[in-house]
Amino acid sequence: MEKASTKRGNSLSEVRVHEVIEVRHLTDTAYVLRMTKGSMDFIPGQYISIGKVASIDKRDYSIYSSPNDEYLEVLIKEVADGMVSKSLRNMKPGEPIEVEGPFGFFQLKPDTLNERKHLFIASGTGISPFHSMVTSFPELNYHLIHGVRYGADAYEKSMYQSNRITVCSSRDGKGDYYGRVTDWLKENPIDQSTYCYLCGNSDMINDAFDILEAQGVPSEHIHAEVYF
Ligand SMILES: Cc1cc2nc3c(=O)[nH]c(=O)nc-3n(C[C@H](O)[C@H](O)[C@H](O)COP(=O)(O)OP(=O)(O)OC[C@H]3O[C@@H](n4cnc5c(N)ncnc54)[C@H](O)[C@@H]3O)c2cc1C
């Protein structure tokens, strides 16, 4: 399994100042922060490091928007007692924000983009890089499994083709499947030729990896981005 988040690569990155355009509130604890794009060039799946100007506290966020968009977006969930995830929610249009990146190698293989089946497995805001991939490559053959606690946390579900997304809600029956993504995986064995991408918390990623490997998916076809 390739764990992408451990590498910042060799990219020589500078800190740039962008401007907040808007904060789109999705739930009580999750929001999309839209910024000016500036000269940012990135590949769907990469992440940026952002923070308030002159603050030493910067955090990594996967890019939610597509390179084709005229703006730059990240999807953020407020972490209880978290320093940065809560404070960015209060940013106002026009406020400057420091952006560094893009970083990371959590990307689709360009040569097999339209041939392969892709399985995307996300927990919580781990859906963010998949949103960027899906909106960037409309022909992509994918199935997105989104693990959430409650059905209401299925962020902007209507943006995906309905037959390509399965929301697994573990604490209420308001998703498409009542249970964890790992339960869904056990009940729905994956075709071994599928390219699998996992993103979110490390517990989910490790468990999902073991299940996929036991189902015969070669480890070189499994890629992961660990958030925490
Ligand atoms: C490559 C990468 C990409 C990331 N992309 C995203 C993204 O797109 N959206 C997003 O919301 N977060 C993302 N994160 C997590 C993000 O960088 C921060 O860790 C998170 O926002 C918490 O920052 P904080 O300053 O509020 O909390 P801190 O003051 O840093 O404290 C956070 C504590 O909460 C834990 N924690 C971090 N994230 C979560 C979480 N989601 N749920 C529960 N506990 C958590 C940390 O392990 C730590 O113990 C990403 C992390 C990495 C490494």
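Let me begin with a definition: domain bounds come from an automatic or database domain assignment. On that basis, the chain is divided into domain 1, residues 2–103, and domain 2, residues 110–226. Residues are numbered from 1 along each chain as its sequence is written. Please keep in mind that this is a predicted model, in which local features need pLDDT of at least 70 and side-chain atom pairs count only at pLDDT 80 or more, while totals for chains, interfaces and linings use all residues.

Now to the two domains together. Their centres, taken over C-alpha atoms, are separated by 22 Å, and 20 residues of domain 1 are in contact with 17 residues of domain 2, where contact asks that the C-beta atoms of two residues, placed from the backbone, lie within 7 Å. On the domain 1 side, strands S1 (2–3) and S6 are the elements that give two or more residues, and the largest share, 4 residues, comes from S6; strands here are DSSP runs (E, at least two residues), as helices are (H or I, at least four), numbered from the N terminus.

Let me turn to the ligand. The shell around the ligand has 22 residues, of which Gly-82, Val-84, Ser-85, Thr-125 and Phe-228 are the closest, and a residue counts as near if its C-beta atom, placed from the backbone, lies within 6 Å. Strand S5 (59–62), strand S6 (71–77) and helix H1 (84–87) each supply at least two residues of that shell. Because both domain 1 and domain 2 give residues to the shell, the ligand lies between them.
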